[in-house]
Amino acid sequence: MTANKIVPILAGGGTRLPAHVGILQALDEYNIPFDTIVGVSGGSIISSLFASGLSLAEVKHIALNTDYSQFRGFSLVKLIRNGGLSSGDVFERWIDRLLNGKTFKEMKYDLHVVATDVARGKPVIFNKEKTPDVKVSLAVRFSMSIPLVFSFKKFDEHLMVDGSILSEDALHRDWANDGTPVICFRLKGDYEYDDIKIKGLFPIVQYVSLLIRTFMTTISREYINEAFWHNTVVVNTGTSSAVDFNMTTEQKEALYFKGYHTALKILPIKVKALNIDNLAAKTM
């Protein structure tokens with residue numbers, strides 16, 4: 001099979017989302033066309049902003065200059081009652097403003113946002129075919145619902161949580177319904193944390209922090225199935241944490257360039273492996 005375009009999947013990452021902007025920049029410089037894009041977790045933020053019609057420069061500015069700490073909360077009451085330290089409402093309002101309240105049917109690109117129904121252990125996919133009138137901001141809020149950080153939230157009969165906890169094969173499908181090959185861009189951490197000191201009369205804060213960071217580290221290091229290696233690009237994000245809400249501008253810029261340079265280096269190899277003939281020349 002030969003093809004003249006791809007479907008990029010921006011998968012995972014949590015707050016490391018600037019790396020996904022760098023990936024899109026590399027795709028643009030190689031002039032690799034796509035009209036369908038898939039977003040998961042932090043990747044859903046970047047894919048939705050781009051799919052709405054914002055320029056790469058505008059998306060980059062948002063990713064590098066937004067204060068992520070505004071989305072973080074620490075309410076033990078919310079954690080006990082709703083499964084997360086923060087309601088996620090501030091985040092949802094923020095992304096909705098940037099998207100001008102657009103629904104899936106109003107997006108410039110064919111956008112698919114993937115979240116997880118934690119009650120059934122299955123993916124829930126939002127797009128213009130299945131959920132045309134649903135606000136994209138709501139779907140992104142679901143997809144970005146890092147367990148214990150953002151509260152679980154119901155949607156119809158589903159109980160929604162971060163799309164990153166899905167098994168890898170849930171993402172490798174015919175998203176465009178025409179055989180267009182996918183390239184899945186995954187962010188992988190390679191880090192060790194300093195010890196968190198457990199102290200005080202109520203160590204629950206430290207215990208929750210330990211649990212969150214261990215969970216996200218495990219997801220980041222998930223084994224990649226051999227069957228999907230030919231169309232997977234792994235971006236090593238180094239010591240950056242998926243739940244670092246206090247990133248500096250310099251750290252965000254470093255993530256951007258890691259995504260950019262990795263994609264520039266690996267894309268020609270993946271394009272050749274996928275037998276995308278007319279794109280291979282553009283990446284050489």
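**Exercise 1. Find the residues of helix α5 that are buried.**

*Solution.* In α5, the buried residues are F91, E92, W94, I95 and D96. Here "buried" stands for under 20% relative accessible area, "exposed" for over 50%, and "partly exposed" for what lies in between (1.4 Å probe, protein chains only). Helices are DSSP runs of H or I with at least four residues, strands are runs of E with at least two, and both are numbered from the N terminus.

Before going on, a word on the model: it is predicted, so local features need pLDDT of at least 70 and side-chain atom pairs count only at pLDDT 80 or more, while totals for chains, interfaces and linings use all residues. Residues are numbered from 1 along each chain as its sequence is written, and side-chain values use heavy atoms, with hydrogens and water left out.

**Exercise 2. Work out how helices α1 and α2 pack.**

*Solution.* Step one: locate the helices, α1 at residues 18-29 and α2 at residues 42-51. Step two: take the geometry, an angle of about 45° with the axes 8 Å apart. That makes α1 oblique to α2, since angles under 35 degrees count as roughly parallel, over 145 as roughly antiparallel, 65 to 115 as roughly perpendicular and the rest as oblique. Step three: list who touches whom. From α1 come H20, V21 and L24, and from α2 come G42, G43, I46 and F50; contact means heavy atoms within 4.5 Å. Step four: sort the residues of this contact, which gives four nonpolar, three polar and no charged.

**Exercise 3. Describe the aromatic pairs of F50 with Y109 and of F126 with F142.**

*Solution.* Begin with the total: the structure holds nine aromatic pairs. Rings of Phe, Tyr and Trp (its six-membered ring) pair if their centres lie within 6.5 Å; planes under 30 degrees apart count as stacked, over 60 as edge-to-face and the rest as tilted.

- F50 and Y109 are 5.1 Å apart centre to centre with 40° between the planes, a tilted pair. F50 sits in helix α2 and Y109 in the loop between α5 (89-98) and β4 (110-117), 59 residues apart. Both F50 and Y109 are buried.
- F126 and F142 are also a tilted pair, at 5.7 Å centre to centre and 35° between the planes. F126 belongs to strand β5 (residues 122-126) and F142 to helix α6 (residues 136-143), so this pair ties together parts that are 16 residues apart in sequence. F126 and F142 are buried.

**Exercise 4. Find where N100 and N177 lie, and say whether each is buried or exposed.**

*Solution.* N100 is in the loop between α5 and β4, with a positive phi of about 55°. At 66% relative accessibility, N100 counts as exposed. N177 is in the loop between β8 (158-161) and β9 (182-188), and N177 has a positive phi of about 60° although it is not a glycine. At 60% relative accessibility, N177 counts as exposed.

Definitions and conventions
Axes fitted to C-alpha atoms, helices over the stretch in contact; angles between N-to-C directions. Nonpolar A, V, L, I, M, F, W, Y, C, P; charged D, E, K, R; others polar.
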